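Please work through each task before reading its solution.

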Amino acid sequence: MAKIRVYELAKKLNISSKELIAQLEDLDIRVVNHMSTLEAEQASLIMDLLKDETLDIDKEKHEVNNINNDLEDTNIKSTEKRKNQKNISRNKSHHSPKEEQNKKTQKPEHHEENIVEKSAGHSSKKEIELLSSIQVGVLAEKLSKSSSEVIKKLMLLGIMATINQEIDFDTASMVAEEFGYAVVEAKEESIEEKLNIDEKDEPKDLVKRPPVITVMGHVDHGKTSLLDAIRKTKVTEREAGGITQHIGAYTVKVDGETITFLDTPGHEAFTAMRSRGASITDIAILVVAADDGVMPQTIEAINHAKAANVPIIVAINKIDKPAANPDRVKQELTEHGLLVEEWGGDIISVAVSAHTGEGLDQLLEMILLVAEMQELKANPNRRAKGSIVEAQLDKGRGTVATLLIETGTIHVGDSVVAGVSHGKVRAMVDDKGKRVKEAGPSMPVEIIGLSEVPSAGDTFYVVEDDKISRQIAETKKEEIREQHIHQTQRLSLEDLFNQIQQGTVKEINIIIKADVQGSIEALKQSLVRLSDDEVKVNVIHTGVGAISETDVMLASASNAIIIGFNVRPDNNARSIAEKEKVDIRLYRVIYNAIEDIQDAMKGMLDPEYKEVIMGRAEIRQTFKVPNIGTIAGCHVIDGKINRNNEVRIIRDGIVVHEGGISSLKRFKDDVREVASGYECGIGIEKYNDLKENDIIEAFTMEEIPR
Ligand SMILES: Nc1nc2c(ncn2[C@@H]2O[C@H](COP(=O)(O)OP(=O)(O)OP(=O)(O)O)[C@@H](O)[C@H]2O)c(=O)[nH]1
């Protein structure tokens, strides 16, 4: 190619001379006007370069046009537009046409070197890490530019955005590159990272925290009275105003040390919280009335505390009563595995009276002693995490929730997420009704500001900002929806073997409910003996009577299977078991229960079948057929009879035989099925004692889907 004029080249490239001149300017090739000439070599390089560019430009132009026609037409001058478009295409190669041209003219044959050069040039740029989306204002800050500069750039890209608007990675990248940055795609933080779950505390960051106490025991043994008595003697006399708030938990000071009491007594609440994941109790106070002794719910409470691995202190209450007999209580406790210290065991027991206040100081001292041995510690200098103790909707204040801080410190203004609920802590009061700005480990506080009412037992987390808390709450909602579809994995006999194989189950927790104590003992001993090297069988709770709601909640919290022997779940228990996916097995023969658990451990559990009646036929006449046997001439009275069905012969309401069908005929033909209202001949396998008026009931065993 000889020399070529600018307008001629522009024509070849299908662009205007003016546009070509501007492009050449960018490539540092100075021409006077459209009549100027270019060297042949120069021209062919430009052709190569701009042909691709022009194609790209056209494409991008089209896209940009689509994004914002108006903006294109009115606001952007043609040169700016062109620059912008060129940069979009540069975005793909990360190199300016000038760089490309230089390389081509200088050392076209050393292609590899060019690449090195290229990447070396690119590495020298300032780097910026971008996530999948970013607010315009935040991007400006990261780029050390004013927001208006960034917004202007966005306008040139055909995007109208405000300072608070989120833009996606691609758009943010274009802007960043425009400002001369090299963009690196940052790794998105996982929810765990956002929640700080894996953040480990250094031992040096840990400081002593108060113990959290739950009071349990049989109905009317004085749980509430005891909580009230402690609160009254230790709180009101010292606090200004003397009014304590009932926020679901309270703290007392003893010898300069703090103790936190959960204000909802009973193992039911304790286990309900635990089944939601909140294991906030450090010590359980087992209240036993000295005049009444160990009762069924005392035993339940013991088992619930044991299942949670929480140490027990026994408070033998009502010692002011004349009928009080603390020794009898201690004796009865030994029968349930609690041996008190004075009798050589390790269980601390204190005789108290909620009425007279006797023994309360000693009880509190013992709590501190047990707490001391537990070495309870937490890091106050991190984002707070803990549990929702209770929450409700208040007409005036919106969602009011009591939080118990497990670790870290919560502040007014913090962004919080708890289950599907999220928000900023707008205000915070402590258990004395005092407004506080912050609260640390083991402290209960009431907060307002959550979007909706969380559930007691939900874990709460303080997160970096509102955006994250909202995001996590949304994800949680999604998870819950998913969980409804895919049931949560609970221990079940069908799946036991798989779970053992996968190593997810090392212990089988069992709750036994039976009609009499004798059966419980027999069953318990046999089941515990099934333990082998791989799996341990634990009987975590037993009781006489129907399977109750608390049994199911304990099973849910401890991932246990419930075995009912000659008892059934009540309606409440049944529906909760369904919801919580707790496996309840009902037996009438002890041996069957043991066999089932044993087979389940070996993965040999037989599938469960249920019988489905298919049809019934009445015998009208019988025929003796040589070499075959007796054939019954029948009339199908309901349903239908299938050749493959099992049948039973019923004579005067009594089953006289069960077996298979050997032949089924209509007239002379073998048939597969005979429907209601038709006559047929039926032969029964290995059975000839058929009589007129017998009923042949046909059934199949259908496998119950696991
Ligand atoms: N004499 C005497 N009576 C007590 C004592 N503690 C509690 N009581 C009485 O025992 C009854 C039951 O006490 P509560 O505190 O309601 O018992 P509770 O265990 O909380 O009962 P529930 O909440 O129904 O499970 C009440 O009438 C109390 O006044 C005590 O130390 N001495």
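**Exercise 1. Determine the handedness with which helix 13 passes helix 14, and describe how the two pack.**

Solution. The model is a predicted one, in which local features need pLDDT of at least 70 and side-chain atom pairs count only at pLDDT 80 or more, while totals for chains, interfaces and linings use all residues. Residues are numbered from 1 along each chain as its sequence is written. Helices (H or I, at least four residues) and strands (E, at least two) are DSSP runs, numbered from the N terminus.

Next, take the geometry. Two packed helices are described by the angle between their axes and the distance between the axes. Axes are lines fitted to C-alpha atoms, for helices over the stretch in contact, and angles run from 0 to 180 degrees between N-to-C directions.

**Exercise 2. Explain why strand 21 is largely enclosed, and identify the residue opposite I447.**

Solution. Strand 21 covers residues 444–450, and six of its seven residues are buried, so the rest of the structure largely encloses it. A residue is buried if 20 or more other C-beta atoms, placed from the backbone, lie within 10 Å of its own, exposed if 12 or fewer, and partly exposed in between.

Then consider its partners; two strands pair if DSSP finds at least two bridges between them. Strand 16 (residues 398–407) pairs with strand 21 in the antiparallel sense over six bridges, and A401 stands opposite I447. Strand 19 (residues 421–430) also runs antiparallel to strand 21, joined by five bridges; here A427 has I448 as its bridge partner.

**Exercise 3. State the strand order of the open sheet of four strands, and find the strands at its edges.**

Solution. The order is 24-23-25-26, with parallel pairing. Strand 24 (536–544) and strand 26 (584–587) each have a single partner strand, so one side of each lacks a neighbour in the sheet. Within the sheet, strand 23 (residues 507–514) and strand 25 (residues 560–565) pair in the parallel sense over six bridges, with I510 opposite I561.

Note on methods
Left-handed = near helix turned anticlockwise from the far one by under 90°.
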